[in-house]
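Take a look at the model below.

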Amino acid sequence: AHPGTPIFTLIDNRNWYVIANYRESKLKNIRIGSRVDVYVMAHPDRRFAGHVESIGYGVFPEDGKVSGGLPNIDRTLNWVHLSSRFPVRVHIDDPDPNLFRMGATAVTVVR
């Protein structure tokens, strides 16, 4: 081990969150506390309940001229101007720590 060099990662599996990147045009229908259905791709037959904990107010701009502290969420097409996507943090109310994995893919439906 060397000073300042990480030697392991600790994952707290008592609380789980999903970061869902929603189009800016959909944010008007999302509120803090809104109920969310969450489906993890490894087990799409299982529905988990969650709620919106926060909604991002900034993302890294497409031109890349602003730096520091903002999430850089890629747009998938470069020849058509796509709407920005903002991170919506969803807290999972009833997680099964045996099914959730850090970095896994999930689908969210805001109610």
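Ring pairs link W16, F48 and F100 into a cluster. Rings of Phe, Tyr and Trp (its six-membered ring) pair if their centres lie within 6.5 Å; planes under 30 degrees apart count as stacked, over 60 as edge-to-face and the rest as tilted. By this rule there are two aromatic pairs. W16 and F100 make a tilted pair, 5.6 Å centre to centre with 35 degrees between the planes. W16 lies in the segment before β1 (17-23) and F100 in the loop between β4 (85-92) and β5 (106-110), so this pair ties together parts 84 residues apart in sequence. Strands are DSSP runs (E, at least two residues), numbered from the N terminus.

The rings of F48 and F100 have centres 4.9 Å apart and planes at 70 degrees, so that pair is edge-to-face. Both F48 and F100 are buried, meaning under 20% relative accessible area with a 1.4 Å probe, protein chains only.

The model is predicted: local features need pLDDT of at least 70, side-chain atom pairs count only at pLDDT 80 or more, and totals for chains, interfaces and linings use all residues. Residues are numbered from 1 along each chain as its sequence is written, and side-chain values use heavy atoms, with hydrogens and water left out.

Now the charge. R89 lies over the face of Y17, 3.6 Å from the ring centre. The criterion is CZ of Arg, or NZ of Lys, within 6 Å of the ring centre and within 35 degrees of the ring normal.

Technical notes:
Helices (H or I, at least four residues) and strands (E, at least two) are DSSP runs, numbered from the N terminus. Buried means under 20% relative accessible area, exposed over 50%, partly exposed in between (1.4 Å probe, protein chains only).
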